[in-house]
Amino acid sequence: MSPVSTQLTGAVLVITIDHPPVNALSHAVRAGIVQALEAAPANISAAVLQCAGRTFFSGADISEFGKPPQAPSLSEAIEALENAPFPVVAAIHGQALGGGLEIALGCDFRVMDAKARVGLPEVTLGLIPGAGGTQRLPRIAGMALALEMASQGKPISAAKALDSGIADAIAESDLAASALAFAKSKSRDDKRSTGARPNPETDASAVDHWRAHAAKRQRGQKAPLAAIDAVEASATLDIVSGLKRERELFLERMSDTQSAAMRHLFFAERKSAKLPGPRTEPLSLERAAVIGSGTMGVGIAASLLSAGLSVKLLDMSDQALQAGYNRIKTIFQNDVTKGRLSEAGCSEILGRLTATTQYSDLSDSDIVIEAVFEDIEIKHKVFAQLANVVGEHAVLATNTSYLDVDAIAERVANPERVLGLHFFSPAHIMRLLEVVRGKKISATVLASAMQLGKRMRKVAAVSGVCHGFIGNRMLSCYGREAGLMLLEGASPRQIDKALTDFGMPMGPFTMGDMAGLDIGYMNRQKLDPESFEQRAFLVHDRLVEMDRKGQKTGAGFYRYEKGDRTPLDDETLEDVLRAVRSEQGISLREFDDSEIVDRCMLALINEGAKILDEGIAWRGSDIDVVYANGYGFPRYRGGPMFYADTIGLDTVLAGIRANAARFGDRWWTASNLLIRLAESGERLSAYETQSGALS
Ligand code: T1G
């Protein structure tokens, strides 16, 4: 059955598309629109193009990319709108994104719901608008706004759309009625094809601004620069030539690995939110408690409040509690200052926050998340106290980054309700949430955690229990190789630069200085020395023992001027390197950047493959979701697993085996899964374990 229906209301033809869940512009939708226009009665004066469900068209159907194109294309559907002998009014609610905005621009007028937004997010998929957005938008809204929207990918509000001429009217209440009334006020004489409008004025300073911005903030990405090129061309080319130029640039992006990588992550982030197996009804979690009012507790509490839950913040220290409570208030007051939240909204949110030092106040909690000091004994005590006051079915979660969730659960009554919710700091901003499933967790509790993650607008991925779960376990291998190369002769600056040139937001040594070298130092003291490569951290440990903990002490691997976070080379580090290398009898050697990147990436990939083989991660794509959202792995490379597929698993395996020959196989034993997939030709990023069903 066609997703497109029509209804004649007076002399206005109302064309309605109903293609759940988000009215993606699939082939059936495009064909239905063209057929509706062709079959339009000869005497109509105007038409309305509207969508049922929660949103106007969310864009081209991304799932059709890479498949043989099916006519009519989106551009052909838009041409049919522009060539119709009557004006078409787009009625926009929800979000008109990408092709959704492009088809609206192919209409003659646009009426928007007051809460609706419009945008061109193609660059987030490594693409550029490919159905006229770079040519029609500047003709309506001007060069500067079109450059910003096409290169940054961020949607704008209905109010801004009205100001810029994208929207012709805003509907405060009934959009359908407003759009119909608007259409009834038009006649065939009001036909005004966007493509027929004059070229926009060029704006060289805006072009330069957005090019410089893209080079800095979207470093390594090709799509933003291509989008700028396409929009810039709209000032000088006629519409036909401009559309041709846009198409050339679009097809270049579509065929580039960067787009395949970013489209992989788009679907991976939606898949990671889903649990394998039959759907389980989640619990209703409305009343939350957070234990610990430090940085993590504050971020978690803010995230829960933003998701609409009531939150009780508990800390044993009155002073710490007050400080934490005030930091939460500041977070939301800042949102008001920045126009992201109304005063009333802020009051409503803070009205759901209470602070207490009494565990007994938590008795009505549906879920409690502890964010106390990373020490298992302290956590045991917290859970013991909680188990005495909350209901027997209250979900109990630990925010631990490393510790054994099973060990915590086994000491709690009803261990099926205990799990890990590993947030990343700052917890109200970082999107990643590792949901750590203990051996005894129930399907209901896991489903409840995943739903809560979605409600908090997190990107959630399930991890099994191991030291460091998915992300930190992989990070430790990456950090090991960086530490060993430092010992062997590379400088922190060279290693950091090689990895930032690869696309990481920050190198491991700059990151260590920022996080605090003492955190890793304390964690290593608790580890079995045989479980990690101690030599890789000799310099780190020496620096901490010299009270050089990083930015917070003004020096770590680098030196920092007071109040400035710029990492500066430091002679003292050179002395420490000389001393440790001499003690270890290391003969220095030169490194080139490609070896630095390869060693760190192969270690990351190999550990990820082991995590997948062990069933700690259910999907290769879940590992990519974790690493892109929690560790800054460049999205245009798709994540460590996708990147391995890009290199070729044969090449990855050869590199790991070469490292085993050079450095021994203690850390370079190739993952068995990697070996199997290299032989079978399957992709690591598409691999899914069968252990998804809860044991
Ligand atoms: N195509 C196909 N499927 C889509 C889709 C799309 N454009 N958008 C969403 N889905 C699926 C999604 O995979 C999920 O599926 C379900 O819809 C709900 O999505 C020519 C080339 C619209 C803001 O980039 O930003 O147009 O998991 O979980 O949180 O120039 O979806 O249920 O099976 O995200 O409410 C440009 C992408 C495309 C917008 C809704 N458009 N989508 O968010 O739901 S390229 C975009 C979104 C293009 C033209 C170019 C969001 C949303 P499943 P969801 P949500």
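# Reading a predicted model, feature by feature

The structure holds 46 salt bridges. It is a predicted model.

Visitor: Is Arg-30 buried or exposed?

Guide: Arg-30 has a relative accessible area of 7%, so it is buried. Glu-64 is at 22%, so it counts as partly exposed.

Visitor: Which residue pairs with Lys-244 in a salt bridge?

Guide: Glu-248 does, with the closest N and O atoms 3.4 Å apart. Both lie in helix α10 (residues 239-254). They are separated by about one helical turn because they are 4 residues apart there. Lys-244 is exposed, at 56% relative accessible area. Glu-248 counts as partly exposed, at 34%.

Visitor: Which residues are linked in a network of salt bridges?

Guide: Arg-480, Glu-481, Glu-488, Arg-589, Glu-595, Arg-599 and Arg-662 are linked in this way.

Visitor: Now the sheets. What is the order of the open sheet of 8 strands?

Guide: The general idea comes before the case. Strands of a sheet pair through backbone hydrogen bonds, either parallel or antiparallel. In this sheet the order is β12-β11-β10-β13-β14-β15-β16-β17, and the pairing is mixed. β12 (353-356) and β17 (459-463) stand at the edges. Each has a single partner strand, so one side of each is left without a neighbour in the sheet. On average, neighbouring strands of this sheet are turned by 25° against each other, direction ignored.

Visitor: How many bridges join β15 to β16?

Guide: There are 4 bridges between β15 (residues 418-423) and β16 (residues 432-436), and the two strands run antiparallel. To locate the pairing, find His-422: it stands opposite Glu-434 in β16.

Visitor: Where does Ala-397 lie?

Guide: Ala-397 lies in strand β14 (residues 395-398). It counts as buried because its relative accessibility is 1%. Leaving aside neighbours within four places in sequence, its contacts include Phe-383, Leu-419 and Leu-421. Glu-370 is another contact. Ala-397 and Glu-370 are 27 residues apart in sequence, yet 6.3 Å apart in space, C-alpha to C-alpha.

Visitor: What do β1 and β2 form?

Guide: They form a hairpin with 2 residues between them. Gly-10, in the turn, has a positive phi of about 65°. β1 (residues 4-9) and β2 (residues 12-17) run antiparallel and are joined by 6 bridges. Thr-6 stands opposite Ile-15 in β2.

Visitor: Next, a helix. Which residues are buried in helix α22?

Guide: In α22 (residues 538-545), they are Val-539, His-540, Asp-541, Leu-543 and Val-544. These buried residues pack against α18 (471-488), α20 (508-515), α21 (517-525) and α23 (571-583). Just after α22, Asp-547 takes a positive phi of about 65°.

Visitor: Last, the surface. Which residues make the nonpolar patch of about 360 Å²?

Guide: Phe-373, Ile-378, Ile-519 and Met-522 make that patch. Look for Phe-373 in the loop between β13 (367-370) and α15 (376-389). Phe-373 counts as exposed because its relative accessibility is 52%.

Technical notes. Residues numbered from 1 in each chain as written. Predicted model: local features only at pLDDT ≥ 70, side-chain atom pairs only at ≥ 80, totals over all residues. Heavy atoms only, no water. Patch = residues over 30% accessible without salt bridge, like charges linked within 9 Å, V, L, I, M, F, W, Y side chains within 5 Å. Areas by Shrake-Rupley, 256 points an atom, 1.4 Å probe, with all protein chains shown as cover. Salt bridge = Lys/Arg side-chain N within 4 Å of Asp/Glu carboxyl O. Buried < 20%, exposed > 50% of the residue type's maximum accessible area, 1.4 Å probe, protein only. Pairing = 2+ DSSP bridges. Axes fitted to C-alpha atoms, helices over the stretch in contact; angles between N-to-C directions. Contact = heavy atoms within 4.5 Å.
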